[in-house]
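Have the viewer open as you read.

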Amino acid sequence: MFLHRKRPLFPVKVGEVNPKFAQKLLEQFGGRSGEFTAMTEYFVQSFGCDHKGIRDMLMDVATEEIGHLEMVGLMIEQLTRGAEREEAYEDTLFSVMGKSPHFLDSMGNAWTSDWIRASGDPVADLKHNISAEAGAKMAYERLINLTDDPGCKETLSYLMAREISHQKMFQTALASLGKEFEGELEPETELNTYYNLSNDGQGDVGLGTDERGPWNEGEWQYLDNPDEALHSKVEGPKG
């Protein structure tokens, strides 16, 4: 059961009408990394999760994302209120679509369920969610830098902080599973082999230098000339 209380999770107080900024905000209403995508994604994922604790967390976060969607919608409403006759309004999607928020991104592309990822595997879903929250955090950070309105900045900063919080929840939940791989089967070979496949032989005059780090040192088998090793495994059809 869902109950709606007529107050947002955080005060939404926009200082000045700004339909152009409102169009940018559509990215977080109906865009790929927006609140509607997150809400729908976590809601659907919860039904396919057999882990009771993680299922509960996914439903809690999905429900919070509904509140975030409401906050973004209220911001868009306030940013476009009374702007119909302004020249800036005529240059936005709202002049044709209407003042209310729409399930479009900032470029006018319609929201699609193709953006939803729900695999039924908690490891795969949590890894995806961590990445999605990172994208949402980045979007809010850019929006904050695009406005001078103190009210907008305050609300967007709150939303950005909650994206980081969700990301930390998902990371902790993933660690609690103690699983590195998705699914039931674990690969048996080539797990710790690094192929140096971006070596143009020109060093600094090419696309960059070869670098060594934790991703190709220690337990990793580093193949500096992987083409020789790979080709040696290829056999043609037997005559």
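## How the helices pack

The crossing of α4 and α7 is left-handed. Keep in mind that this is a predicted model. The two helices meet at an angle of about 20°, and their axes are 14 Å apart. Angles under 35 degrees count as roughly parallel, and α4 and α7 are therefore roughly parallel to each other. On the α4 side the contact uses Ile54, Met57, Leu58, Glu65 and Val72, while α7 brings Leu126, Asn129, Glu133 and Tyr140. Sorted by class, that makes six nonpolar, one polar and two charged residues.

Now look at α4 against α8. Here the angle is about 165°, with the axes 11 Å apart, so α4 and α8 come out roughly antiparallel. This crossing is left-handed. From α4, the contact takes in Ile54, Met57, Leu58, Val61, Glu64, Glu65, His68, Met71, Val72, Met75 and Leu79. Among the α8 partners are Cys152, Leu156, Tyr158, Arg162, His166, Phe170 and Leu177. The class count for α4 with α8 is 16 nonpolar, three polar and four charged residues.

Then there's α3 with α4. Their axes come within 8 Å and cross at roughly 160°, which makes α3 roughly antiparallel to α4. α3 passes α4 in a left-handed crossing. From α3, the residues involved include Phe36, Met39, Tyr42, Phe43 and Phe47, and they belong to a set that meets α4 residues including Leu58, Val61, Ile66, Leu69 and Val72. By class, the contact of α3 with α4 has 13 nonpolar, three polar and three charged residues.

| Pair | Angle | Axes |
|---|---|---|
| α4 and α7 | about 20° | 14 Å apart |
| α4 and α8 | about 165° | 11 Å apart |
| α3 and α4 | roughly 160° | within 8 Å |

Next, a closer look at α3 itself. It covers residues 35–47, and at 1.5 Å a residue those 13 residues should span 18 Å; the end C-alpha atoms are 19 Å apart, which agrees. Ten of the 13 residues are buried, so α3 is largely enclosed by the rest of the structure. Glu35, Phe36, Thr37, Ala38, Met39, Thr40, Glu41 and Tyr42 are among the buried ones, along with Gln45 and Ser46. What do these buried residues pack against? Their partners are α2 (27–30), α4 (52–80), α7 (122–144) and α8 (150–177).

The same length check works for α7: its 23 residues should span 33 Å at 1.5 Å a residue, and the end C-alpha atoms are 32 Å apart, which agrees. Buried residues in α7 include Val123, Leu126, Asn129, Ile130, Glu133 and Tyr140. Leu126, Asn129, Glu133 and Tyr140 also turn up in the α4 contact. The buried residues of α7 pack against α1 (19–25), α2, α3, α4 and α8.

Is Lys153 buried or partly exposed? It is partly exposed, with a relative accessible area of 28%. Setting aside neighbours within four places in sequence, Lys153 is in contact with Ile144, Thr147 and Asp148. The C-alpha atoms of Lys153 and Val14 are separated by 9.1 Å, although the two residues are 139 residues apart along the chain.

Conventions. Residues are numbered from 1 along each chain as its sequence is written. This is a predicted model: local features need pLDDT of at least 70, side-chain atom pairs count only at pLDDT 80 or more; totals for chains, interfaces and linings use all residues. Side-chain values use heavy atoms; hydrogens and water are left out. Helices (H or I, at least four residues) and strands (E, at least two) are DSSP runs, numbered from the N terminus. The expected span of a helix is 1.5 Å times one less than its number of residues. Buried means under 20% relative accessible area, exposed over 50%, partly exposed in between (1.4 Å probe, protein chains only). Contact means heavy atoms within 4.5 Å. Axes are lines fitted to C-alpha atoms, for helices over the stretch in contact, and angles run from 0 to 180 degrees between N-to-C directions. Angles under 35 degrees count as roughly parallel, over 145 as roughly antiparallel, 65 to 115 as roughly perpendicular and the rest as oblique. A crossing is left-handed if the near helix is turned anticlockwise from the far one by less than a right angle, and right-handed if clockwise. Ala, Val, Leu, Ile, Met, Phe, Trp, Tyr, Cys and Pro count as nonpolar, Asp, Glu, Lys and Arg as charged, and the others, Gly among them, as polar.
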